[in-house]
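Hi there,

Here is the structure I promised to pass on. Have a look at it first, and then read on for my notes.

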Amino acid sequence: MASAPRPVSLRLGVDGIQALDEIAQRRGITRAEAARRAIAETAERERRRSGLAAEARALMNDPAYVSEAREVAAMMENLRGSW
(Lines give C-alpha, C1' and ligand atoms only; values in the text may rest on other atoms or scores of the structure.)
Protein backbone atom coordinates (compact mmCIF):
# COMPACT_ATOMS: atom_id res chain seq x y z
CA MET A 1 0.00 0.00 0.00
CA ALA A 2 1.33 3.46 -0.95
CA SER A 3 2.08 5.84 1.86
CA ALA A 4 0.23 9.12 2.15
CA PRO A 5 2.04 12.25 0.99
CA ARG A 6 3.83 14.18 3.71
CA PRO A 7 1.97 17.23 4.99
CA VAL A 8 3.30 20.67 4.15
CA SER A 9 3.24 23.63 6.50
CA LEU A 10 3.07 27.18 5.16
CA ARG A 11 3.03 30.63 6.68
CA LEU A 12 0.76 32.59 4.38
CA GLY A 13 0.39 35.85 6.27
CA VAL A 14 -2.81 37.82 6.54
CA ASP A 15 -3.14 38.51 2.79
CA GLY A 16 -2.47 34.88 1.91
CA ILE A 17 -5.04 33.58 4.38
CA GLN A 18 -7.62 36.09 3.12
CA ALA A 19 -6.98 35.05 -0.48
CA LEU A 20 -7.17 31.36 0.43
CA ASP A 21 -10.41 31.89 2.36
CA GLU A 22 -11.86 33.80 -0.60
CA ILE A 23 -11.02 30.97 -3.00
CA ALA A 24 -12.41 28.35 -0.62
CA GLN A 25 -15.60 30.29 0.01
CA ARG A 26 -16.26 30.98 -3.69
CA ARG A 27 -15.78 27.34 -4.58
CA GLY A 28 -17.45 25.90 -1.49
CA ILE A 29 -14.39 23.86 -0.53
CA THR A 30 -12.02 23.63 2.41
CA ARG A 31 -8.90 25.74 2.77
CA ALA A 32 -6.77 22.65 2.21
CA GLU A 33 -8.58 21.77 -1.01
CA ALA A 34 -8.41 25.41 -2.14
CA ALA A 35 -4.64 25.39 -1.57
CA ARG A 36 -4.20 22.09 -3.45
CA ARG A 37 -6.24 23.31 -6.41
CA ALA A 38 -4.52 26.70 -6.51
CA ILE A 39 -1.12 25.02 -6.62
CA ALA A 40 -2.21 22.55 -9.32
CA GLU A 41 -3.85 25.30 -11.41
CA THR A 42 -0.79 27.54 -11.14
CA ALA A 43 1.50 24.69 -12.19
CA GLU A 44 -0.74 23.96 -15.19
CA ARG A 45 -0.73 27.64 -16.24
CA GLU A 46 3.07 27.70 -15.99
CA ARG A 47 3.32 24.55 -18.15
CA ARG A 48 1.03 26.07 -20.78
CA ARG A 49 2.90 29.38 -20.68
CA SER A 50 6.22 27.59 -21.12
CA GLY A 51 4.79 25.59 -24.01
CA LEU A 52 3.47 28.70 -25.72
CA ALA A 53 6.80 30.47 -25.26
CA ALA A 54 8.63 27.51 -26.82
CA GLU A 55 6.18 27.46 -29.71
CA ALA A 56 6.65 31.20 -30.29
CA ARG A 57 10.44 30.80 -30.25
CA ALA A 58 10.20 27.98 -32.79
CA LEU A 59 8.00 30.08 -35.07
CA MET A 60 10.35 33.07 -34.80
CA ASN A 61 13.18 30.80 -35.97
CA ASP A 62 11.17 29.54 -38.97
CA PRO A 63 12.04 31.76 -41.95
CA ALA A 64 8.94 30.68 -43.89
CA TYR A 65 6.67 31.61 -40.99
CA VAL A 66 8.40 34.95 -40.43
CA SER A 67 8.07 35.79 -44.13
CA GLU A 68 4.40 34.87 -44.19
CA ALA A 69 3.73 36.82 -40.99
CA ARG A 70 5.36 39.90 -42.51
CA GLU A 71 3.25 39.53 -45.64
CA VAL A 72 0.07 39.26 -43.59
CA ALA A 73 1.06 42.28 -41.46
CA ALA A 74 1.71 44.34 -44.61
CA MET A 75 -1.61 43.26 -46.10
CA MET A 76 -3.43 44.19 -42.88
CA GLU A 77 -1.69 47.57 -42.81
CA ASN A 78 -2.77 48.22 -46.42
CA LEU A 79 -6.35 47.26 -45.59
CA ARG A 80 -6.36 49.48 -42.52
CA GLY A 81 -5.22 52.45 -44.59
CA SER A 82 -7.96 52.05 -47.19
CA TRP A 83 -10.86 52.85 -44.86
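Predicted model: local features only at pLDDT ≥ 70, side-chain atom pairs only at ≥ 80, totals over all residues.

The protein chain has 3 helices and 0 strands, and along the sequence the pattern reads α-α-α. With a radius of gyration of 23 Å, well over the 12 Å that the globule rule gives for 83 residues, the protein chain is more spread out than a compact globule. Its C-alpha trace spans about 60 × 40 × 20 Å along the principal axes.

Of the 83 residues, 5% count as buried. The accessible surface of the protein chain is about 7600 Å², and carbon and sulfur atoms account for 58% of that. As for charge, there are 14 positive and 12 negative charges, and their mean positions lie 9 Å apart.

Helix α1 covers residues 13-27. From its first C-alpha to its last, this 15-residue helix reaches 21 Å, close to the 21 Å expected at 1.5 Å a residue.

Now to the salt bridges, of which the count is 9. One of them joins D21 and R31, with the closest N and O atoms 2.5 Å apart. D21 sits in helix α1 and R31 in helix α2 (residues 31-60), so this pair ties together parts that are 10 residues apart in sequence. Both partners are partly exposed: D21 has a relative accessibility of 29%, and R31 has 42%.

Two further pairs belong to helix α2. E44 and R47 meet in a salt bridge at 3.0 Å, N to O, and they are 3 residues apart in α2, about one turn of the helix. Here E44 is partly exposed at 31% relative accessible area, whereas R47 is exposed at 52%. The other pair is E46 and R49, whose closest N and O atoms are 3.0 Å apart. These two also lie in α2 with a spacing of 3 residues, about one turn. E46, at 39% relative accessibility, counts as partly exposed, and so does R49 at 48%.

Finally, take a look at E33, R36 and R37, which are linked in a network of salt bridges.

Best wishes

Terms used
Residues numbered from 1 in each chain as written. Heavy atoms only, no water. Helix = DSSP H or I, 4+ residues; strand = E, 2+ residues; numbered from the N terminus. Rg over C-alpha atoms; globule rule 2.2 N^0.38 Å. Buried < 20%, exposed > 50% of the residue type's maximum accessible area, 1.4 Å probe, protein only. Areas by Shrake-Rupley, 256 points an atom, 1.4 Å probe, with all protein chains shown as cover. Lys, Arg positive; Asp, Glu negative; His and termini not counted. Charge placed at Lys NZ, Arg CZ, Asp CG, Glu CD. Expected span 1.5 Å × (residues − 1). Salt bridge = Lys/Arg side-chain N within 4 Å of Asp/Glu carboxyl O.
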